[in-house]
Structure formats: C-alpha cells, structure tokens
Amino acid sequence: MSSGLQELMAAEQRAAQIIQAARSERTEKMKQAQQEAQQVIEEYRSEKETALQKQATQNGGEGGDFEQLKSESEQQLQGLRSEFASNKDRAIDFLVKVVTDVDPQFPEDIRTM
C-alpha cells in the first residue's frame, strides 16, 4: 500500500510542477503581449502625431488657424467683460429689488378659513 501512496504523492508533485510551469508560461505570455501592445500603441501614436504635424503645416504653417481663433476668442471675451461691467450694477439693483419687495398674498382657500 505504501507504494501506491508514494505513486499518488509523486503524481501530485508532477501535477503541481505542471501547474506551476503553466502559470509561469502564462505570466510570460502576458508580459510579452503587454510589451507588444505597448509597442503597437507607440507606433500608432507616432503615426498620428506625424500626420497631425503634416496637416498643420499644410493648413497654413505653424498654427495660423489657432492664432486666429485665439485672437477672436480674446475679442469675444473682452466684449463679454465689458457687457458685464456695464450691466453689473443694474443686475444687482434688480435682484435686490426682487428679493426685498415682497407682496404677501394668501391663496383663496387660506383666506376663507
């Protein structure tokens, strides 16, 4: 009976070794796949950056559209700031008036009580 027990223990050890080897192999494959994916991502990013730079140079040099949009945005922002400055006092006066001018009116059903 001890020989059967020894065989069983040896088979269990072999199974444990096979499982450990499979886990190690899976870990290595995952690391390799991650490295390959990172390389693909870097290549894709590089291609897209090159295409973007090429398109930017074709569309008027070093960001001509960007500068135009920036100046237009600044003009619009300046206009909004001046409108705010000119209407600020009126808006504050209106809000104070609305909040402080209370006209208490009771609903009809409460008046009859």
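Reply: Let us start with E25, which counts as partly exposed because its relative accessibility is 45%. Buried means under 20% relative accessible area, exposed means over 50%, and partly exposed lies in between, with a 1.4 Å probe and protein chains only. Please note that this is a predicted model, in which local features need pLDDT of at least 70, side-chain atom pairs count only at pLDDT 80 or more, and totals for chains, interfaces and linings use all residues. Residues are numbered from 1 along each chain as its sequence is written, and side-chain values use heavy atoms, with hydrogens and water left out.

Me: With which residue does E25 form a salt bridge?

Reply: Side chains of opposite charge can pair when their charged atoms come close. A salt bridge is a side-chain nitrogen of Lys or Arg within 4 Å of a carboxyl oxygen of Asp or Glu. Here E25 pairs with K29, and their closest N and O atoms are 3.3 Å apart. Both belong to helix α1 (residues 2-58), where being 4 residues apart separates them by about one helical turn. K29 is exposed, at 52% relative accessible area.

Me: How many salt bridges does the structure hold?

Reply: The structure holds 2. E42 is partly exposed at 37% relative accessible area, and R45 is partly exposed at 43%.

Me: Which residues form a nonpolar patch on the surface?

Reply: A patch is made of residues with over 30% relative accessible area and no salt bridge; like charges are joined within 9 Å, and nonpolar side chains (Val, Leu, Ile, Met, Phe, Trp, Tyr) within 5 Å. In this model F94, L95, V98 and V99 form such a nonpolar patch, with about 420 Å² of accessible area together. Accessible areas come from the Shrake-Rupley method with a 1.4 Å probe; for residues, only the protein chains shown count as cover. L95 lies in helix α2 (residues 64-100) and is exposed, at 53%.

Me: How many helices and strands are there in the chain?

Reply: Helices (H or I, at least four residues) and strands (E, at least two) are DSSP runs, numbered from the N terminus. The chain has 3 helices and 0 strands. Its radius of gyration is 38 Å, well over the 13 Å that the globule rule gives for 113 residues, so the chain is more spread out than a compact globule. That radius is taken over C-alpha atoms, and the rule is 2.2 Å times the number of residues to the power 0.38. Of the 113 residues, 0% count as buried.
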